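Work through the exercises below with the sequence and the 3D view at hand. Try each task before reading its solution.

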Amino acid sequence: MRRRRFLSHAIKSASAAVYSQLLPPGLRAFPFPQSAAPKISSDTSARPQLALTLDDPTLSFGSVLKWQEANSRVLKAISEKSVRAALFVCGMRVDEADGAKLLSAWDQAGHLICNHSYSHKFYGEQTSYADFAVDFLKDEKVIAPYHNRTALFRYPFLKEGDTADKRDRFRALLKERGYRVGHVTIDASDWYVSQRFVDRLGKQPKAPIAPYRDYLIAHLLDRAAFYRQLALEVLVRDIRHTLLMHFNPLNAFVLPEVMSAFETAGWQWIDASLAFEDPVFRSQPQTLPAGESLVWALAKETGRFENRLRYPGEDDVYEKPKMDALGL
Ligand SMILES: [Zn+2]
């Protein structure tokens with residue numbers, strides 16, 4: 001179980017000096033704009049569209065930066081593009097008073113507050129249907145207080161069950177509770193790039209952020225191009241995409257540049273609520289083990305793309321040799 005492991009020991013070892021080094025002068029608190037007009041695209045442009053979905057908000061940032069600063073920076077970056085994102089909340093990371101403050105800031109800014117389970121269990125062999133169901137229901141209590149609480153569920157590690165029985169029983173539970181799957185279409189390993197950045201800061205507190213930012217941006221754009229092309233071939237149309245990113249130190253620093261890089265590459269940011277209206281998000285691929293990017297699973301289901309589908313779709317093992325070679 002390698003993917004998106006939660007990191008804290010590495011973060012704690014990084015130096016506080018870096019934090020002040022990276023912060024721009026005069027950073028101000030996020031002002032909670034209520035009046036920002038939602039960007040509802042009229043589909044008049046041919047630009048591919050994507051929404052930002054951010055997983056695993058947390059209070060455990062160690063000394064790289066404080067969660068309050070990370071939260072302000074991420075929210076400001078999104079608000080500057082005048083879009084609303086979807087936040088997928090894993091309860092155990094925010095289940096205390098400060099967690100409510102963190103989530104309230106997102107709620108007040110109009111972002112969707114969604115369920116990512118309480119304990120982030122891997123829904124494979126090691127987790128029974130019953131345990132997974134209880135953990136999902138436990139997270140409902142965490143997000144229940146928020147106005148923008150939305151009945152979208154994102155599977156931890158994008159793992160939707162290792163048997164048809166477990167897959168289908170949980171899908172039935174989601175339906176019974178009025179939920180839909182908060183699918184990722186553009187999967188990536190941003191969590192790993194941030195982990196490497198934090199590890200580096202632990203050893204070399206003044207290490208520059210730029211090479212990690214550049215790697216992250218190139219990686220995300222590459223994955224976006226891959227999944228967009230795959231979707232075009234599988235569905236014979238451009239779908240509205242959902243990009244997976246995480247609430248982590250690297251993203252907190254470079255999200256504005258990531259979002260601008262997508263625009264420069266021709267993409268258009270849209271509201272997450274609009275993206276999830278695309279009918280593609282109602283599909284239920286019959287693959288096993290179930291999960292991965294929705295586009296990956298739909299391609300897998302056809303049996304026609306075997307030479308282009310690795311398993312898992314994304315992971316640290318694919319990025320490690322490239323980052324090693326770059327000395328990152
Ligand atoms: Zn997660």
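**Exercise 1.** Which residues coordinate the zinc ion?

Solution. The model is a predicted one. Step one is to list the donors: D56 through OD, H116 through NE2 and H120 through NE2, at 2.1 Å.

**Exercise 2.** Decide whether H116 and H120 are buried or exposed.

Solution. A residue is buried under 20% relative accessible area. H116 has 1% relative accessibility, so H116 is buried. H120 has a relative accessible area of 5% and is therefore buried.

**Exercise 3.** Check the span of helix 4, residues 97–108, at 1.5 Å a residue.

Solution. Just after helix 4, G110 takes a positive phi of about 90°.

**Exercise 4.** Which residues of helix 4 are buried, and what do they pack against?

Solution. The buried residues are G99, L102, L103, A105, W106 and D107. Their packing partners include strand 1 (49–55), helix 3 (67–79) and helix 5 (129–143). Strand 2 (86–89), strand 3 (112–115) and strand 4 (149–153) are also among the partners.

**Exercise 5.** Determine how far helix 7 is enclosed by the rest of the structure.

Solution. Helix 7 covers residues 190–203 and reaches 20 Å from its first C-alpha to its last, close to the expected 20 Å. Of its 14 residues, 10 are buried, so helix 7 is largely enclosed. Among the buried residues are W191, Y192, F197 and L201.

Technical notes
Residues numbered from 1 in each chain as written. Predicted model: local features only at pLDDT ≥ 70, side-chain atom pairs only at ≥ 80, totals over all residues. Heavy atoms only, no water. Helix = DSSP H or I, 4+ residues; strand = E, 2+ residues; numbered from the N terminus. Expected span 1.5 Å × (residues − 1). Buried < 20%, exposed > 50% of the residue type's maximum accessible area, 1.4 Å probe, protein only. Contact = heavy atoms within 4.5 Å. Donors = N, O, S within 2.8 Å, 3.2 Å for Na, K, Ca; no water.
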